[in-house]
There are 2 protein chains.
Amino acid sequence: MSLLVVGTMAFDAIETPFGKSDRIIGGAATYIALSASNFVSTIKQVSVVGGDFPQEELDHLASRGVILEGVQIKKDEKSFFWSGKYHLDMNERDTLETQLNVLADFNPIVPESYQDCEFVMLGNLVPAVQHSVLKQMKNKPKLVVLDTMNFWMDTAMADLEEVLKHVDVLLVNDSEARQLSAQYSLVKAAKSIMAMGPKYVVVKKGEHGALLFHADKVFVAPALPLEEVFDPTGAGDTFAGGFVGHLAKTKDISFENMKTAIIVGSAMASFCVEKFGTTRMREITKEDINSRINQFVDLVNFEIKLV
Amino acid sequence: MSLLVVGTMAFDAIETPFGKSDRIIGGAATYIALSASNFVSTIKQVSVVGGDFPQEELDHLASRGVILEGVQIKKDEKSFFWSGKYHLDMNERDTLETQLNVLADFNPIVPESYQDCEFVMLGNLVPAVQHSVLKQMKNKPKLVVLDTMNFWMDTAMADLEEVLKHVDVLLVNDSEARQLSAQYSLVKAAKSIMAMGPKYVVVKKGEHGALLFHADKVFVAPALPLEEVFDPTGAGDTFAGGFVGHLAKTKDISFENMKTAIIVGSAMASFCVEKFGTTRMREITKEDINSRINQFVDLVNFEIKLV
């Protein structure tokens, strides 16, 4: 019934055409948990932070049903730090600085109390760490979802290929799908990736929406056209949190329900980008979410009479 | 009841990562007519060709219900010629050569028998020529749709702005929408363009689908994910032909029906790119079209139960 999430909990410093942030709270597992907690009552988090990570942030997550037993706190070390800059085309970004800090020798430990998790979300992280979490699960989860990025394809491809064999759903963006498969056509890329292990491939295309592939089926979800995207940081993780949160809530892993999960993930991501960092994700209510999901229905709904 | 189409009828030479064509039949009005003739029985064409334009091409168009009275044939001159090269990202292309030939001093004449046209499709062409056609219409058409490109924004912006005041629907691609409006956000770009005249703005995004804007409403249509796009030449014109063809057939210019028209246009464009030039557009049947439109229904259809 519950959802296990592994990923970074970190500090980010972000620059976009609309402004600049100081060190603010970020990290894949932070965004995933903030997003998924709108759908499931309990999230069992695996991560690592330094002594500099604010207690109030941990308390906030706990208040949303995030169990922190699997979050290691290394008092004398510093949390992972990432700094990046976005340009007008926010599908691309420059990394300005990466300080691994506590992440350098992160050895995840899955507490015994996490063994009941049927849904596992492996947030973007060193593939060997993602794999280690999976190997610690004594029962095969109902669904394993993995997010990754081009950096791991450049530096740890063999490890990534290994963990992919045990993954049900892979989330990547379009350029990552192309890099992983060495195919330009996303249809061909998805086929190649499905041959590597995952039965479902979700290709995230930012402002152009997302594609879901499964066997010979495909589903296209739009992104909400927005006047401004203030800060895309965490949008992919927020998408993942909505996606896996909806699946864990409904316990239905059919293709039809995955389509709905993609729409839920897209709706959550559309909030994330409206303000810097995690700001917007802390504000939104169930009513906001329902209203946004209804906007997606209007966005793609059409009537057809054939010629 | 009938549809007036103005645009080029021309020769193209095309290079893509999948192959290279010799001089083949092309031109905006050719693609628009081939596409729209699947929906309306009569198309009244305005264009100009040289003595080198094959009679069998004219006969083929006539056999599909395309009236050629408004197509000037300049026996001693050569038809418009365009040569271009596409790369893997087919949303961008390089123009290798442009020979205006008959287009250099094209003065369109709308025959008296065309005056009953309620739907007017101004295909991509010199804005002053598009405007001249419109000025020759004695009664205000029910709907005027205009397609244009960045070249006219660079070279004839004042003329383009003038004709836009009399246009109901503008079709442009995303970079053109940005250039025309000087806005990066497509939502803001569409608002700016609507202030210039058109009540509807369609932003074509190639493999990423299309957006329809009207007042504060927006609709997103996907493109069909294809294993290969062999040749995107004419896809935008084919989209326009399906779009305006559906509207002229149904005589319903509501926002709801424009959404359907966008799907019809997207379905037609998805055929166009499957083979070089106009090849695929000559092969497809009503059954092919209906089956492709049904694929679009499956592509975006999802069920939602709110949280």
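The crossing of α9(A) and α11(A) is right-handed, where a crossing counts as right-handed if the near helix is turned clockwise from the far one by less than a right angle, and left-handed if anticlockwise. This is a predicted model, in which local features need pLDDT of at least 70 and side-chain atom pairs count only at pLDDT 80 or more, while totals for chains, interfaces and linings use all residues. Residues are numbered from 1 along each chain as its sequence is written, and chains are lettered from A and ligands numbered from 1 in the order in which they are written.

**Helix pair in chain A**
- From α9(A), A:I263, A:V264, A:S266, A:A267, A:S270 and A:F271 make the contact with A:I289, A:R292, A:I293 and A:F296 of α11(A), contact meaning C-beta atoms, placed from the backbone, within 7 Å.

**Helix pair in chain B**
- In chain B, α9(B) passes α11(B) in a right-handed crossing, at an angle of about 115° and with the axes 9 Å apart.

**Between the chains**
- Chain B and chain A each bring 35 residues to the contact.
- On the side of chain B that touches chain A, α11(B) gives the most, with seven residues.

Notes:
Axes are lines fitted to C-alpha atoms, for helices over the stretch in contact, and angles run from 0 to 180 degrees between N-to-C directions. Helices (H or I, at least four residues) and strands (E, at least two) are DSSP runs, numbered from the N terminus. Two residues are in contact if their C-beta atoms, placed from the backbone, lie within 7 Å.
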